Amino acid sequence: MRAFVALELPEKLRHALQRMQAGLPGRHVSEENLHLTLAFLGDVDAGRLRDLHGVLSGLKLAAPFLRVTGRDVFEGRKPMLAFAALAPDPYLVAARRAVRQAARDAGIELGRERFRPHVTLSRFGRGISARDEARLATCLGPVARIVEERAERFGLYRSQLRADGPIHELLACYAFA
């Protein structure tokens, strides 16, 4: 099954992120699907996920501080999504490192990737029109301090891709120390 490990976002932060979606073109991510991915696992069999659950259950991680710094896009020929950028809190970076190591310890191979803490706000599907790209440009950049919260939990999720957007199902939840 397609799986990932992500922070569960505090309610106040989720509501603030929903407000940040205003004016963004594309298909907005629903509130229940807003998350900050610590490790994308890809397609993983149930046995490896059970092993990962065992390792994640034993982690004692400090709760990271979540502070939104702006709205941005991942550049390419055409942007595919807009996101809320978050400050790289040391506990957030440590949690990501520990979760990725837990996945490797459970026999899950992960690709190398640079960590740029973010929460996806809007997806543009196959691309974005010139008109929407111009509209998008007015929405990007730093934001005034909105909400700063500590994360309380992270979880192991299953993701089912559908034409109308992915469905994320929480398989297991873990509290920060």
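Reader: Axes here are lines fitted to C-alpha atoms, for helices over the stretch in contact, with angles from 0 to 180 degrees between N-to-C directions. At what angle do H2 and H3 pack?

Author: About 140°, and the axes of the two helices are 8 Å apart. H2 covers residues 46–57 and H3 covers residues 90–105. Helices (H or I, at least four residues) and strands (E, at least two) are DSSP runs, numbered from the N terminus. This is a predicted model, in which local features need pLDDT of at least 70 and side-chain atom pairs count only at 80 or more, while totals for chains, interfaces and linings use all residues. Residues are numbered from 1 along each chain as its sequence is written, and side-chain values use heavy atoms, without hydrogens or water.

Reader: Which residues in H2 and H3 meet?

Author: From H2, Leu-52, Val-55 and Leu-56. On the H3 side they meet Val-99, Ala-102 and Ala-103.

Reader: Switching to the sheet. What's the strand order?

Author: S3-S1-S9-S10, an open sheet of 4 strands with antiparallel pairing. Two strands pair if DSSP finds at least two bridges between them.

Reader: Which strands stand at the edges?

Author: S3 (36–43) and S10 (167–175). Each has a single partner strand, so one side of each is left without a neighbour in the sheet.

Reader: And how much twist from one strand to the next?

Author: The average is 20°.

Reader: How many bridges between S9 and S10?

Author: Strand S9, residues 153–160, pairs with S10 over 8 bridges in the antiparallel sense. Within that pairing, Tyr-157 is placed opposite Leu-170 of S10.

Reader: Where does H2 sit on the sheet?

Author: H2 packs on it and touches strand S1 (2–8), S3, S9 and S10; contact means heavy atoms within 4.5 Å. The directions of H2 and S10 make about 35°.

Reader: Which strands does H3 lie across?

Author: S1, S3 and S9, and H3 runs at about 15° to S3.

Reader: New topic. Leu-92: buried or exposed?

Author: Leu-92, a residue of helix H3, counts as buried because its relative accessibility is 0%. Buried is under 20% relative accessible area, exposed over 50%, partly exposed in between (1.4 Å probe, protein chains only).

Reader: What is Leu-92 in contact with, leaving aside neighbours within four places in sequence?

Author: Leu-7, Leu-36, Leu-38, Pro-64, Ala-87, Phe-115 and Pro-117.

Reader: How far apart are Leu-92 and Pro-64 in sequence and in space?

Author: They are 28 residues apart along the sequence, with a C-alpha to C-alpha distance of 4.8 Å.
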